Amino acid sequence: MPKRAAERIRDTARALFYKEGIRAVGVEQIVNRAGVTKPSLYRSFTSKDSLAVAYLEDYDCDFWVQFDAEMAPGAADPRQQIIGYFTRRAGYALRPGYRGCGLTNAVLEYPQEGHPTHAIALANKQRLRARLAAMARAMGAARPDELGDGLLLLLEGLFVSGQLFGPGGPAGSVAAVAAALIDAHLAEAGVRPVPAAE
């Protein structure tokens, strides 16, 4: 069954906004690529900003579905989950054409507090910060909030360095750096890391 115009617009906007940036993409480009008319777009979305909000809401939802699947509570040791997560993210970041995190990119494009795109991105990052700190706490890490912040900084650095350096860049080291950071916090607390499963 063919997609409805609103779905085509949303899918097209997502691909273009992620690849080229929200500000760089015009309404004409979206409707031409989606094969719809401007009135079709404005029937579903009151403005380009409302389409950008829909894109980021979808991105945020997909981010948490994937994160929750990989970090399911009780599924594995939190240290191994985080290191595995960083390893997989590095794999994406080292691919040609990688554009980082759409939410991080949105904050850079819309730094104004109160802008709806900024608010969605900030809420995602605040929730991620809390989740990483909770996982650090579950590991028994010394200063879990600090460890969570360190992991968040590594992840955000991964998003940007993957775009800057591409294949062969520092993103390839991020899992090892995350492991060293975690292990330093665990050692400070007198906790021995759980060995990785064979």
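A: In this predicted model, the centres of domain 1 and domain 2, taken over C-alpha atoms, lie 29 Å apart. The division behind that value assigns residues 1–45 to domain 1 and residues 56–189 to domain 2.

Where the two meet, 12 residues of domain 2 are in contact with 9 residues of domain 1. Together the domains bury about 960 Å² between them, and carbon and sulfur atoms account for 41% of that area. On the side of domain 1, R14, Y18 and R23 provide 63% of the area buried against domain 2, a share that exceeds that of any other three residues.

The polar side of the interface can be described next. Between domain 1 and domain 2 there are 7 residue pairs in polar contact, both residues being at pLDDT 80 or more. By class, the face of domain 1 that touches domain 2 consists of 5 charged, 3 nonpolar and 1 polar residues. The number of salt bridges between the domains is 2. R14, already named for its part in the buried area, forms a salt bridge with D62, in which the closest N and O atoms are 2.7 Å apart.

Besides its part in the area that domain 1 buries, Y18 belongs to the lining of the largest cavity. A search of the whole structure finds 1 cavity of 30 Å³ or more, and the volume of the largest cavity is about 40 Å³. Its lining includes F17, G21 and I22, together with Y55, R99, G102, N105, A106 and E109.

Note on methods. Residues are numbered from 1 along each chain as its sequence is written. This is a predicted model: local features need pLDDT of at least 70, side-chain atom pairs count only at pLDDT 80 or more; totals for chains, interfaces and linings use all residues. Side-chain values use heavy atoms; hydrogens and water are left out. Domain bounds come from an automatic or database domain assignment. Contact means heavy atoms within 4.5 Å. Buried area is the accessible area (1.4 Å probe) that two parts lose on being put together, summed over both. A salt bridge is a side-chain nitrogen of Lys or Arg within 4 Å of a carboxyl oxygen of Asp or Glu. A polar contact is a pair of N or O atoms within 3.5 Å; within protein, one must be able to donate a hydrogen and the other to accept it, and residues adjacent in sequence count only if both atoms are side-chain atoms. Ala, Val, Leu, Ile, Met, Phe, Trp, Tyr, Cys and Pro count as nonpolar, Asp, Glu, Lys and Arg as charged, and the others, Gly among them, as polar. On a 1 Å grid over the protein atoms alone, a cavity is a set of points where a 1.4 Å probe fits but cannot get out, and a pocket is an open set with protein on both sides within 12 Å along at least five of seven lines; lining residues have an atom within 4 Å of a point. Grid points are joined across faces, edges and corners, and a volume is the space filled by probe spheres set on the points.
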